[in-house]
Amino acid sequence: MSNFFSKAEVTSSGRPVLLHNEVECHLLSAVDLEPEDHRHFSLLKSGLLILTTHRLIWLPSSSASTPTSASAIPLAAISHIFSSKKSLKSVFHSPRIRFQVLVSSDGRVFDPSSGSGSSSGSGSRSVVVTAVIRGKGDCDGFLVKFWDSWRARAWETTKISSSGSGSASGSGAATGIGGGLYSSDGSVRMVGVAGILRKEQEMWESTDKSLQDAFQDLNALMSKAKEMVMLAEKMRQKLLSGTSSQTSGTNDEDMGSKEEMQDWLLSVGIISPVTKESAGALYHQQLSRQLADFVRIPLERAGGMINLIDAYCLFNRARGTELISPDDMLQACSLWEKIDVPVMLRKFDSGVMVIQNKSHSDEEVFARIKSLVTKPEALRTGISPTDAAMTLGIAPAMAKEHLLTAESKGLLCRDISPDGFRFYINLFPEIDPCNMYFVKDYGICSTWIKAVSTTGKNAFLNQFISIFTD
């Protein structure tokens, strides 16, 4: 049985990897994809069907008994969509959506991007595929979106824009080589360094005009949001290429400004945010997976752990006008326990909630804290959460949580003064805080008590024990 459908890439959290300018439109759960020729083509059972502007993407269910890879059908390969017919029979079976797909001579769905087969070449034919919706979803709404996306032909717009930019650069290069000092309209052509500077100036003026038009009012911003994200991505790529090719003579101030600009552009936006309109009943599940993909880069920068409030602000800023509520954020994070993603939600004893990688190890953090508190100056004066924050490279509030956790493990002891918390290395780790009077046969405390007992200084011993019992 041949692999009829094209393969689709997914992220570590199970979200589809979208193509350039591809946007999600609608989702349906528990969907079967059944080609009419069951003998030669494989069936896809009970998966998540995602409609985008470029493809139909089918993702296998996480509870599927047999492993199945994600599949896709390019909308460019669909030649016809059948209208749904309401009949008495349709009332008693699951809703169905039927469409006709072009198949290449090798028995696979025609994919114009990979060049597999030809839509009109010899040996190509068409196969009717039926999508059986067995879950609860808006089938009629999905069909309307399906028609709209197929008629819009967004994949052709993407192809034209990419080819247009390439031809424009090629024609510009050819004109610069043999065009002489005069352009086609008779004006004097700017050549050399002056021409490059003039071209850069015109480009930045055009960019500035686009930004001004976009920020005139909220409607203009929403209509140009996608264009702004694409523009920011191009600027980020230019900055990254410029950073890699610059010489070692660049000063630190310029480097710092470029890195700051890259940070801003990296968090400009998500091209296709999950919304309640597109995801329906699967909103929180898909939001949870998209959030898991989004926090990957912030977690790497923060050392594997980030405050939930900071993640909420970054995620909402990236979503642009499609803001989410704190309850949606918390519910999306709580679903990580049920799905296979590389991140998790953690709650400290103080109530502070953070997002961290599953590979994050507290033992590594404790080792760095121990090396800090055992320094000569720290043995005398202790360390504050600010000192730990500078060493760990995290916020003071997060550093304080790590110090309190290390104290609960017996690594540190705490002193509370008008200046705040000061933490010291615990010189008596063998003492059990739950049973202060039980002294083990080893350790510094046991040796100290034996030495005091042999010298007969029982009063000092009683005073020493009372220090720990108060």
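Two rings of Phe, Tyr or Trp (for Trp, the six-membered ring) make an aromatic pair if their centres lie within 6.5 Å; planes under 30 degrees apart count as stacked, over 60 as edge-to-face and the rest as tilted. This structure holds five such pairs, so let's go and find some.

Before you click, know that this is a predicted model, where local features need pLDDT of at least 70, side-chain atom pairs count only at pLDDT 80 or more, and totals for chains, interfaces and linings use all residues. Residues are numbered from 1 along each chain as its sequence is written, and side-chain values use heavy atoms, with hydrogens and water left out.

**Stop one.** Select Trp-147 and Trp-150, an edge-to-face pair at 5.9 Å centre to centre with 70 degrees between the planes. Both belong to helix H1 (residues 139-152), three residues apart, about one turn of the helix. Helices here are DSSP runs of H or I, at least four residues, numbered from the N terminus. Is Trp-150 buried or exposed? Buried, with a relative accessible area of 14%; the cut-off is under 20%, using a 1.4 Å probe and protein chains only.

**Stop two.** Now pick Phe-294 and Phe-315, a tilted pair with 5.3 Å between centres and 55 degrees between the planes. Phe-294 is in helix H8 (residues 283-294) and Phe-315 in helix H10 (residues 308-319), so the pair ties together parts 21 residues apart in sequence. Both of these Phe residues, Phe-294 and Phe-315, are buried.

**Stop three.** Show Phe-99, Phe-142 and Phe-146, which ring pairs link into a cluster.

Technical notes. Helices (H or I, at least four residues) and strands (E, at least two) are DSSP runs, numbered from the N terminus. Buried means under 20% relative accessible area, exposed over 50%, partly exposed in between (1.4 Å probe, protein chains only).
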